[in-house]
Amino acid sequence: MFGAEPCFALAASVCIGTIVSAQTGTNPSNSEPTKSRDQFKNVRVLGDMPADQMGKVMNMMSASLGVNCSYCHEGTNFAVENVGHKDVARSMISMTLQMNQAHFGGAAQVTCNTCHRGQAIPNSLISTNLPIGRSSPSKNVTEGNSAKEVLAKFDKARGGTAKITAIKNRHVIAERVEPNGKTEPEELWQAADGRSRMVTLYGNTIVAEGFDSKNTWKSVNDQPIVLKVDEGEQIQREAQIAMGVDLHSVYKEIAFESRVDWLGRPADVLRGVSFNLIEERLYFDVENGLLVKRTAQVPTVLGAFEYEVLYKDYREYAGVLHPTRLEFAVPNIRWARRVSEIKCNSVLDEKLFRP
Ligand code: HEC
Ligand code: HEC
């Protein structure tokens, strides 16, 4: 039942996870990642790519060109030849991989987006509106508060450590908002130690995900979905941040990186590296101390696949500020969460956090 369409209707992880598990199934006990040529039917240029990057790379190509899957594929029959722009895309993939190999020591520096920027045909003309004769591009400031100071300021801005730690759990009533305005009911439960459960209702389809302090899991109508490492991390992260879990225990390392301009206001950026070595960046408004944005960059053969979360409309519940509008984006997929109510310290069934 899951093909190209639910890629737009459901969260990225449902879509991507389903593509992979629906083909032949991965072997979790095998430490060598399965190659694309061993899992997919008709790959000629991406054969060496780890198979679990396929969903990410396809969504990145679509987003870079501003098209959807049907630009290069017929329905969900992704292996079929002579469809749309599939062959041109293949030559473009080879070109991009070769450029990186020949000129950037194999690092994925040139990506589809380097040239395409959301257009199927890149604009090679130079805009006449560009500023002329600047001596060098503007630089981010590399001095600001230390990670410890930024995080302490965030705690204080939310209401203080005492009030934050007094919240043992949150029960969040929300709506998932699609780009076309359509909404689906969403409910979250989060505990102080980072355990969580989220349920989203798409008509008759129930998507649930959670973290029980050992395992991260996800299911569609009670059918388990195979999660990739980064998807598991992202599922854990929102509860950890909302519940004020010490970020020094969440990341292998976390440090101040730069002070940047974020929508006209200065923001301090902390760079964290997760225990699975995925880079994340947390943006804190310098004036009010609040977290305004978080990104995670997952490497692929065609550059980083980026998760982005924007935290907006902080409101007070149990003396602590919580964002009530969260905007999520990954290449090709975008959605938001609108929170209508947060109940703190209700009596929760421990079983909630298990699959
Ligand atoms: C710009 C063209 C383009 C777009 C857009 C695109 N693809 Fe692809 N896709 C390709 C090409 C080219 C291949 C074959 C790669 C190769 O030969 O190594 C492919 C292969 C695949 C495969 C492997 C099929 C197999 O078994 O051989 C899957 C699955 C896939 N695409 C899914 C998607 C999905 C899902 C989307 C939309 C999110 C998408 N693609 C968007 C060009 C595209
Ligand atoms: C170095 C720049 C560059 C990179 C990198 C690049 N492209 Fe292109 N691409 C172009 C240019 C230029 C054209 C237009 C060629 C023309 O008009 O004939 C094009 C055209 C295309 C077209 C045909 C569009 C149409 O409607 O005719 C597809 C599909 C495409 N690119 C896919 C990709 C994909 C997928 C990637 C990444 C794997 C990629 N390109 C990376 C420069 C690039």
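**A colleague's note on the predicted model**

1. Ala-51 sits in the loop that joins helix H3 (36-39) to H4.

2. Now for the overall picture. The protein has ten helices and 13 strands. Its radius of gyration is 21 Å, close to the 20 Å that the globule rule gives for 355 residues, so the protein is as compact as a globular protein of that length. Along the principal axes, the C-alpha atoms fill a box of roughly 60 × 60 × 40 Å. Of the 355 residues, 34% count as buried.

3. On the domains: the protein is divided into domain 1, covering 4-116, and domain 2, covering 147-353. Taken over C-alpha atoms, the centres of domain 1 and domain 2 are separated by 27 Å.

4. Helix H4 deserves a careful look. Twelve of its twelve residues are buried, so H4 is largely enclosed by the rest of the structure. Among these buried residues are Lys-56, Asn-59, Ser-62 and Ser-64, as well as Met-54, Met-58, Met-60 and Met-61. The length of H4 makes sense too: at 1.5 Å a residue its twelve residues should span 16 Å, and the end C-alpha atoms are 17 Å apart, which agrees. Just after H4 comes Gly-66, with a positive phi of about 70°.

5. H5 has 18 residues and reaches 26 Å from its first C-alpha to its last, close to the 26 Å expected at 1.5 Å a residue. Gly-105 follows H5 and has a positive phi, near 60°.

6. Next, ligand 1. Which residues come nearest to ligand 1? Of the 28 residues around it, they are Phe-40, Leu-46, Met-58, Cys-69 and Cys-72. Helix H1 (4-9), H4 and H5 are the elements that give two or more residues to this shell, and H4 gives the most, with six. Met-58, one of the nearest residues, is also one of the buried residues of H4. By class, the shell around ligand 1 has 18 nonpolar, six polar and four charged residues.

7. Ligand 2 has its own shell, made of 17 residues, of which Met-61, His-85, Met-92, Cys-112 and Cys-115 are the closest. Two or more residues each come from helix H4 (54-65), helix H5 (86-103) and helix H6 (112-116). Which element gives the most to the shell around ligand 2? It is H5, with five residues. By class, this shell divides into 13 nonpolar, four polar and no charged residues. Do compare the two lists of elements: H4 and H5 are named for ligand 1, and H4 and H5 are named for ligand 2.

8. Turning to the strands, let us begin with S10 (residues 291-300) and S11 (residues 303-317), which pair in the antiparallel sense over eight bridges. S10 and S11 form a hairpin with two residues between them. Within this pairing, Arg-294 stands opposite Val-309 in S11.

9. S11 also pairs with strand S12 (residues 320-330), in the antiparallel sense and over nine bridges. Here Glu-308 stands opposite Ala-329 in S12. S11 and S12 make a hairpin with two residues between the strands, in which Ala-318 takes a positive phi near 50°.

10. S12 runs antiparallel to S13 in turn, with six bridges joining them. Glu-327 is found opposite Ala-336 in S13. This is another hairpin with two residues between the strands, and Asn-332 in it takes a positive phi near 80°.

11. Finally, S13 (residues 333-344) pairs with strand S1 (residues 169-177) in the antiparallel sense, over eight bridges. Val-172 stands opposite Ile-342 in S13. While you have these strands on screen, recall that in a regular strand the side chains alternate between the two faces of the sheet.

Notes: Residues numbered from 1 in each chain as written. Chains lettered and ligands numbered in written order. Domains from an automatic or database assignment. Near = placed C-beta within 6 Å. Helix = DSSP H or I, 4+ residues; strand = E, 2+ residues; numbered from the N terminus. Nonpolar A, V, L, I, M, F, W, Y, C, P; charged D, E, K, R; others polar. Pairing = 2+ DSSP bridges. Expected span 1.5 Å × (residues − 1). Buried ≥ 20, exposed ≤ 12 C-beta atoms within 10 Å, placed from the backbone. Rg over C-alpha atoms; globule rule 2.2 N^0.38 Å.
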